[in-house]
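The report below describes a protein model through its packing, its strand pairing and its chain contacts. Please keep the sequence and the structure in view while reading.

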Amino acid sequence: MAAPIFLLAPPRSYTSLVNAMLGQHPQAFGLPELCLFNVEKLVDLWRGSEGPISENGAVARHGLMRALAEIYGGEQTTATINMARAWAGAREDWTSGRVFQEIVAKIDPLVAVEKSPSYTMSKIRMQWMYEAFPDARFVHLIRHPIGQCKSLMAINEGAFAIKVEAIEFREDHCVLEPQIAWYDLNLNILEFLDTVPDSQQIRMRGEDIMGSPEKHLAQIAEWAGLRTDAEAIEEMMHPERSPFACFGPINALFGNDPNFLAGPVFEPHKPKIPRLSDPAPWRDDGGGLYPEVIEMARWFGYE
Amino acid sequence: MSDDKAVSEQTPIGAQPPVSEPKPAGGDKQKPPFLGTKRLSPVPINPDTDRADPTKLAPHQEALRQAMLNVFTAQKARRSLERQVQHISPNRNLAEGIKILFDDKGQPPANVPLEDIVEERRRLEYHVKWFEGILAELRNRLVRVKEVEDYAFEMLSRSLDDE
């Protein structure tokens, strides 16, 4: 069974695009966000949430339902989504790892590629991934903190920052501060990857991939033992060809970032990168990045 | 570096190996200096879940956090309502959408940008897809309700026969 490739990154770090691009490699299968390792057992994905704004609501199941419909039913329709629900019902007391193993075995010899940014919220979740797949490969995807935070705050009013308690307390009130999420989630990833052999991990800046996709995707493919010929690289330039790069049927619409689902075509570009000393545009006091965030961003190669 | 200058592949990255290169296997990997340091979230971590747990906040912090959540929820509801109001005004939306394609004599403007036409076509396709989806879901529910209704009538007729 081919070891899967997991993308580890906070949300809004080019994960949807990179996941779909890698998934279009002829030897790979790009999955939607399965969110399986958010929970220990499959049934917990149906057991509701850990709070009113938890990530384990019905939408968290859309990716899994769409993947099962596509893999086992050959298409994503209302009927095959219902079949996927039955499939999951029959395995409700399985561990998430066992369910994932079953999916990976089904698509073998293709290499599964998956990213669910919610995995990075807890090292326990990433450990479950590693326990299920001791030979898995991990791509740590990074994005500049200002770009990532701006993007995070523009989605769903910045609700993700609440999920990870990215809060700054001031004298008489508190505010959402997305750079806390950027730092804490990257720290989770770094601490988790410290337990993984070097040969099973690679780190990439999303901006580099956007600017020179052929070069950097080829690097990842080579590292993962996949073909790097021109045909394989060309396939990776077309994330829109993925069966999951669109909205799903009415009973499983999402499974990925809605912005990506609405416009999955990749256009190479060099993202503008602000200086680490620039003011943070989401702050109302003109403040900038925290010293800890700047230090980590420098370590990642940003200036 | 100016704001509009993208980071090039030769960006200096201090003592680090270039981050876009595969990290070397073996023992010469440079360990991140942040390992084991404190998280920036002021909310204490629950060791069982390895996630921030707001129930462990001091009472005054908990109150501030709750106040922020209330404001957040109210803003979100207001914006959601604004969007809904737009959705329930289809005639106005359609009229505004078509305005770019037809002038007051019903003719398309001579220099209508292709981008606008493509965008309008995509927007309409998106609406059609949504309506088809809702229609499919309603039909699905209708079939289920009819099944339940048929079953109920059948049970009723049986019970009447038994009497």
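## Basis of the description

Helices (H or I, at least four residues) and strands (E, at least two) are DSSP runs, numbered from the N terminus. This is a predicted model, in which local features need pLDDT of at least 70 and side-chain atom pairs count only at pLDDT 80 or more, whereas totals for chains, interfaces and linings use all residues. Residues are numbered from 1 along each chain as its sequence is written, while chains are lettered from A and ligands numbered from 1 in the order in which they are written.

Helix 6 of chain A, residues 145–154, is mostly covered, with 7 of its 10 residues buried; a residue is buried if 20 or more other C-beta atoms, placed from the backbone, lie within 10 Å of its own, exposed if 12 or fewer, and partly exposed in between. The buried residues, among them A:Ile146, A:Cys149 and A:Leu152, pack against helix 7 (159–163), helix 8 and helix 13 of chain A. After helix 6 of chain A comes A:Asn156, which has a positive phi, near 50°.

## Paired strands

Strands pair if DSSP finds at least two bridges between them. Strand 1 (residues 5–8) pairs with strand 3 of chain A in the parallel sense over 2 bridges, and A:Ile5 has A:Val113 as its bridge partner. Strand 2 of chain A also pairs with strand 3 in the parallel sense, over 3 bridges, with A:Ala112 as the bridge partner of A:Phe29.

## A buried loop residue

A:Leu42 lies in the loop between strand 2 (28–30) and helix 2 (62–73) of chain A, and is buried because 22 other C-beta atoms lie within 10 Å. Leaving aside neighbours within four places in sequence, A:Leu42 is in contact (C-beta atoms, placed from the backbone, within 7 Å) with residues including A:Ala88, A:Trp94 and A:Val99.

## The side facing chain B

In the contacts between the chains, 52 residues of chain A meet 44 residues of chain B. Helix 8 of chain A supplies the largest share of the side of chain A that touches chain B, 6 residues. The residues of that side divide into 25 nonpolar, 10 polar and 17 charged, where Ala, Val, Leu, Ile, Met, Phe, Trp, Tyr, Cys and Pro count as nonpolar, Asp, Glu, Lys and Arg as charged, and the others, Gly among them, as polar.

How values were computed. Contact = placed C-beta atoms within 7 Å.
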